[in-house]
Amino acid sequence: MTKTLDTARLVEGLREQTEGFIRAVAGRAPDTRVPTCPEWPLRTLVGHVGQEHRWAAELVRTGEQLPIPDPRQADPGAPDEWARWLREGAEKLIRAIRETGADTEMYTFLGPRPVSVWLRRMLSDTCVHHYDAAFATDSAFEITDDLAAHVISENIDLLSTPAFETVRPAVAELRGRGERIGFRPRSMEGWVITRTPDVLRWKRGPVEADVVVSGAVADLMLVFSHRVPPEDDRVTVRGDRALLDHWLAHTAL
């Protein structure tokens, strides 16, 4: 078993990253283009973050499978209301998790899972969208190492769940014959992903792989999340670059 953040840290992290997102979008024009979400203006990105927190909260409260909402239909209000909209959405999710019980099992599209799976998923998405907002507005992006590591682990966990292929068919192309992809951070143990004929397998620990991406854990998170290209000076790639390119082409969440 790999270590995951406990519920208290997940809650704290969601608040941290929501506040970082708020700082990045404060006072910015709603039509500011978001280059890492190329079809979205900033208003849509803001709407999406607040909308998905509310959607996840409703999933937890009702235990029902609800349709994924369209971010273009979210209404975060006027820019001076964005901070309230975003904080309110995060707190709705936190409250729903606490009232339901983080370990309470519910049905998800991946099968039975504790409701905390939605806190983990929303934290990952909020971290990445915080970067999107900061990049779009030329603002500082800050994330602690444990949260950046959480994003990588949570994403690999999702990609390696067989049922995920039903919503992302491209993931089936990641099966292989034992090829290994490694992410080696400077400050903690790394990740090794092994492509087998049946499923992706992964573990934390020393990184020995056919292709290895090295760098600060936050930068590895951004490469993993398709926000920074492998050619970026902040990371180093050694080994089978075609293997890494194939991985990145089939893992967009």
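Let's start at proline 206, which sits in the loop between β5 and β6. This is a predicted model, so the places we visit together are those of a prediction. Is proline 206 buried or exposed? With a relative accessible area of 73%, proline 206 is exposed, because anything over 50% counts that way.

Five strands make up an open sheet, in the order β5-β4-β3-β6-β7, and their pairing is mixed. Which strands lie at the edges? They are β5 (200-205) and β7 (235-239), each of which pairs on one side only. From one strand to the next, the twist averages 15°.

In general, the strands of a sheet pair through backbone hydrogen bonds, and the pairing can be parallel or antiparallel. Here, strand β3 (residues 179-185) and strand β4 (residues 190-195) give an example of the antiparallel sense, paired over five bridges.

Helix α6 (residues 217-224) touches β3, β4, β6 (211-215) and β7, and the direction of α6 makes about 140° with that of β3. Helix α7 (residues 241-249) packs on the sheet as well, touching β3, β4, β5, β6 and β7. The direction of α7 makes about 85° with that of β3.

Next, let's turn to another pair of helices, α2 and α3. How do α2 and helix α3 (residues 82-100) pack? Their axes are 8 Å apart and form an angle of about 20°. The two helices are therefore roughly parallel to each other, since an angle under 35 degrees counts as such. Where α2 passes α3, the crossing is left-handed. The residues of this contact divide into 13 nonpolar, six polar and five charged.

Our last stop is histidine 53, whose place is in helix α2 (residues 42-62). Histidine 53 counts as buried because its relative accessibility is 0%, and the cut-off for buried is under 20%. What surrounds histidine 53, leaving aside its neighbours within four places in sequence? Histidine 53 is in contact with Leu14, Thr18, Leu86, Gly89, Ala90, Leu93, Met122 and Thr126.

Terms used:
Residues numbered from 1 in each chain as written. Predicted model: local features only at pLDDT ≥ 70, side-chain atom pairs only at ≥ 80, totals over all residues. Heavy atoms only, no water. Helix = DSSP H or I, 4+ residues; strand = E, 2+ residues; numbered from the N terminus. Buried < 20%, exposed > 50% of the residue type's maximum accessible area, 1.4 Å probe, protein only. Contact = heavy atoms within 4.5 Å. Axes fitted to C-alpha atoms, helices over the stretch in contact; angles between N-to-C directions. Parallel < 35°, antiparallel > 145°, perpendicular 65-115°, else oblique. Left-handed = near helix turned anticlockwise from the far one by under 90°. Nonpolar A, V, L, I, M, F, W, Y, C, P; charged D, E, K, R; others polar. Pairing = 2+ DSSP bridges.
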